[in-house]
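The sequence and the coordinates are shown first.

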Amino acid sequence: MKVYFDNAASTKILPEAAQKMVEVMTDYYANPGASSVMGMEADNILKSSAKTISKLINADEKEIYFTSGGTEGDNWAIFGTAKGLKRRGKHIITTVIEHPAVSMPFKVLEEEGYEVTFLPVDEKGYINIEELKNAVREDTILVSIILINNEIGTIQNAEEIGKAIKEKNINTLFHIDAVQAFGKYRIDVKKFKCDMLSVSAHKFNGPKGVGFFYMKKGVNVKPVLYGGGQQNNMRPGTENAAGAAAMAVAAEESYKNLEETNKYVFEIKKRIANRVLNEIEDTFINGDTIEKSSPYVLNIGFKNLRSEVLLHALEEKNVVVSAGSACNSRKKVQSSVLGALGLEDDDIQGSIRFSFSRFNTLEEADICVEALKETVPFLRRFNRKR
Amino acid sequence: MEEKVLIVKYGEIAMRGNNRKLFVNRLVDSIRKNIDEYGDFYVVKEQGRLIVEARGETKAEFDTIIPRVLCIFGILGVAPGIKVTDQSIDNIKEASLKHMKEFFGDKEQSFKVLTKRSNKQYPIVSNEVSAIVGEHIFENMDNLSVDVHNPDVVLTIELRNDAYIYSHYIMGYGGLPYGSSGKAVALLSGGIDSPVAAWLMAKRGVEVSAVYFHSPPYTGERAKQKVEDLARIVSRFTGGMKLYVVHFTELQLYLLESVPEDKLTIFLKRAMMKVAEKIALKEHADGLVTGDSVGQVASQTMQGLNAISAVCNMPVLRPLAGMDKQEIIDIARKIGTFETSILPYEDCCTIFVAKHPETRPKTSVINKIESRLERIDEILEKAFEEMELIEI
């Protein structure tokens, strides 16, 4: 059996969610936009899914749009704001530790003539809120922040950030990339004062290819897709009712007993972190302390080792982890997130991400540690610096 | 009677004396195999040409099969055209006009007619055929002008057992029919060069099997998958390929502990050559193929290549030896391996590469060091025994 510690990359679908998906696909297959009763029934599934989700983040159901996932939400927030508010200003702000789904659109806009501020982070991965406040100007139209970082699990203080932005410029829109946070961390869009929020279902045991985008009523953000008028003309395209319904099931399940679940997952993380630090030489935690970062993400650096090799070696022992962020591992680039923390190249090269779900066990944590203890010294013996 | 055909020209084989029949038959087989799924075609032999004709009720389109025929080694090029069975001059005139109308409708073009009279029994000489047909086309198509020196289009009429008319000749890769020059084993690394080298030798008629040296966990499954994908791309030209995967981790680690760091790559490549030669013997092949390009990396100096080749008795073919990187890349793009080759997975040769590798190894010194490596033969024997075969 495989020990799967790569849940920040993607998760196994919850059986109830998969079942829901099959049910909707086979019984409610009409187009939700059709005038027939069958169409209406499919549309009702979308509505009730939106309602379920909206309650979890303290939003109105009309503020929930179904998307294809996190990348679409992030792109929508950024390009949609740029399109809608360009007359008000062309200054946009984000951080240096964003997922490429945010950082790439920012770079595209920068090439198109927008002025971009990339906020630096400290060695633990936090932005400085005073610095953010100073960066927000009269012509700042958007601030986009990753709530829980995908590589190191650092949790930004969304409430303070939202407050700081709005105090400085009430018209600046605030977008939260909550892809790693939703389902694992309580989100309240009113408390966070955020105008937009992007979420992907497959990160919390929902299906791939579906996500949702929260957009506060009344904000002037344009759509990025144009077509047949679905979803209030903001996100045309036949709605994925099956995906939306399955996502709602997975979302509701993950927010049941969230605090207890998080405590449980933290025990797994703690077990691995403590045992690795104590039992394997020359190891260190990247990001903030294990207590303060997300219980779902643990990033450990192994000195004198190449993470890619360790990853393959662990896989031979049926332990699945990740080196860098999964979307990035096909490109031969070093993690820009770890670089932003000020890590040396050699230390970045030896960093591994363990990411958990509530379906992992302490026993699996021990299997993982034992596998590490067997492989790390062996691999180090043959490691040559290039 | 006239019908649409694909005229296939082949090159060097025509000169191959007694083996010619064998080679031509092999070409016919390859064409049949490659186009079989696209419709009801048949291939007939005509002096120095192969003719693909469509059969059956629904005449399949030739456009779809042209690339499938062009990628066969030994074929110089193809031309879609018309076959005229009753070769009266009137029939040829009409068929030629029809062909020109189909291909050049109302495009403003200059043209000339070129006649090749292989059938010397034909009552009209070549130049006269050209003049008669040219005049007929010129009178019936306003958009065409005649230019005998530098025309946009040359309408070719070949008078053989039947007459063949075409204007649009598409170049193939040339070379020799696959397998007509014997067998060799190619070392594939997953980089840009080695698939190009394998392809070039396949083009010269060599039947190629491939070997990849896999070093988990230092090279991942994706790296292996990449080599499989590359072998698959090359085998589009060859119709299939055997890929041997040899596990080399133990050997790599043994060398790492036993030999001077700067000479590691030389020893590693020598070990690869030894195993590849064993595979070649098993496959009844008579040579090895590598993607070495002289001077590209440290081990590819003449001294390096000498020290590496010293371990095998078979000839080591290095078709890229004299090419620049850009020339190699151009071929890789042409044959479709480039995009796959540049995916960034670990290459088996570069895992433990030294900062300053030896560029002028002395074969005698290398031999001497290697004679002290007690376990090397045993490790290689084990790797050979346990290798995996993937039929691509």
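The model is a predicted one.

## Domains of chain A

On the domain 1 side of chain A, 24 residues are in contact with 25 residues of domain 2 of chain A. Three elements of chain A each give two or more residues to the side of domain 1 that touches domain 2: α8 (258-279), β10 (297-302) and α10 (336-340). Of these residues, α10(A) supplies the largest share, namely three. By class, this side of domain 1 of chain A has nine nonpolar, 13 polar and two charged residues.

## Domains of chain B

Chain B is assigned domain 1 (2-173) and domain 2 (183-391). The C-alpha centres of domain 1 and domain 2 of chain B are 43 Å apart. Five residues from domain 1 of chain B and six residues from domain 2 of chain B take part in the contact. The side of domain 1 of chain B that touches domain 2 of chain B holds three nonpolar residues, one polar residue and one charged residue.

| Chain | Domain 1 | Domain 2 | Distance between C-alpha centres |
|---|---|---|---|
| B | domain 1 of chain B | domain 2 of chain B | 43 Å |

## Overall form of chain A

Chain A contains 12 helices and 12 strands. Its C-alpha atoms fill a box of roughly 65 × 50 × 35 Å along the principal axes. Does the radius of gyration of chain A agree or disagree with that of a compact globule of 386 residues? Such a globule would have a radius of gyration near 21 Å, and chain A, with 21 Å, agrees with this. Of the 386 residues in chain A, 51% are buried. Among the contacts of chain A with a separation of 6 or more, 75% join residues 24 or more positions apart.

## Helix α4 of chain A

Helix α4 of chain A covers residues 100-111, which is 12 residues. From its first C-alpha to its last, α4(A) reaches 16 Å, close to the 16 Å expected at 1.5 Å a residue. Its buried residues are A:Ala101, A:Val102, A:Ser103, A:Pro105, A:Phe106 and A:Leu109. An α-helix has 3.6 residues a turn, so residues three or four places apart point the same way. The partners against which the buried residues of α4(A) pack are α3 (70-85), β3 (91-95), β4 (115-119), β5 (140-146) and β6 (173-177) of chain A. Just after α4(A) comes A:Gly113, with a positive phi of about 110°.

## Nonpolar cores

The largest nonpolar core has 116 residues, and the members that touch the most others are A:Tyr214, A:Ala245 and A:Leu310. The element that gives the most to this core is α7(A), with 10 residues. Why does this core lie between domain 1 and domain 2 of chain A? Both domain 1 (3-11 + 257-381) and domain 2 (15-255) of chain A give residues to the core, so it lies between them. Leaving aside residues up to four places away in sequence, A:Leu310 touches A:Phe302, A:Leu305, A:Ile352, A:Thr375, A:Val376 and A:Leu379. A second, separate core has 103 residues, including B:Leu188, B:Phe213, B:Ala271 and B:Ile308.

## Backbone features

Most residues other than glycine have a negative phi, and most peptide bonds are trans. A:Asn257 has a positive phi, near 50°. This residue, A:Asn257, lies in the loop between α7 (241-255) and α8 of chain A. Because 12 other C-beta atoms are within 10 Å, A:Asn257 is exposed. A:Asn304 also has a positive phi, near 55°, and its place is the loop between β10 and α9 (307-316) of chain A. With 17 other C-beta atoms within 10 Å, A:Asn304 is partly exposed.

In chain B, the peptide bond that joins B:Pro216 and B:Pro217 is cis, with omega about 0°. B:Pro217 belongs to the loop between β11 (207-214) and α6 (221-238) of chain B.

How values were computed. Residues are numbered from 1 along each chain as its sequence is written. Chains are lettered from A and ligands numbered from 1 in the order in which they are written. This is a predicted model: local features need pLDDT of at least 70, side-chain atom pairs count only at pLDDT 80 or more; totals for chains, interfaces and linings use all residues. Two residues are in contact if their C-beta atoms, placed from the backbone, lie within 7 Å. Helices (H or I, at least four residues) and strands (E, at least two) are DSSP runs, numbered from the N terminus. Ala, Val, Leu, Ile, Met, Phe, Trp, Tyr, Cys and Pro count as nonpolar, Asp, Glu, Lys and Arg as charged, and the others, Gly among them, as polar. The radius of gyration is taken over C-alpha atoms; the globule rule is 2.2 Å times the number of residues to the power 0.38. A residue is buried if 20 or more other C-beta atoms lie within 10 Å of its own, exposed if 12 or fewer, and partly exposed in between; C-beta atoms are placed from the backbone. The expected span of a helix is 1.5 Å times one less than its number of residues. A nonpolar core is a set of buried Ala, Val, Leu, Ile, Met, Phe, Trp, Tyr and Cys residues joined through C-beta atoms within 7 Å. Domain bounds come from an automatic or database domain assignment.
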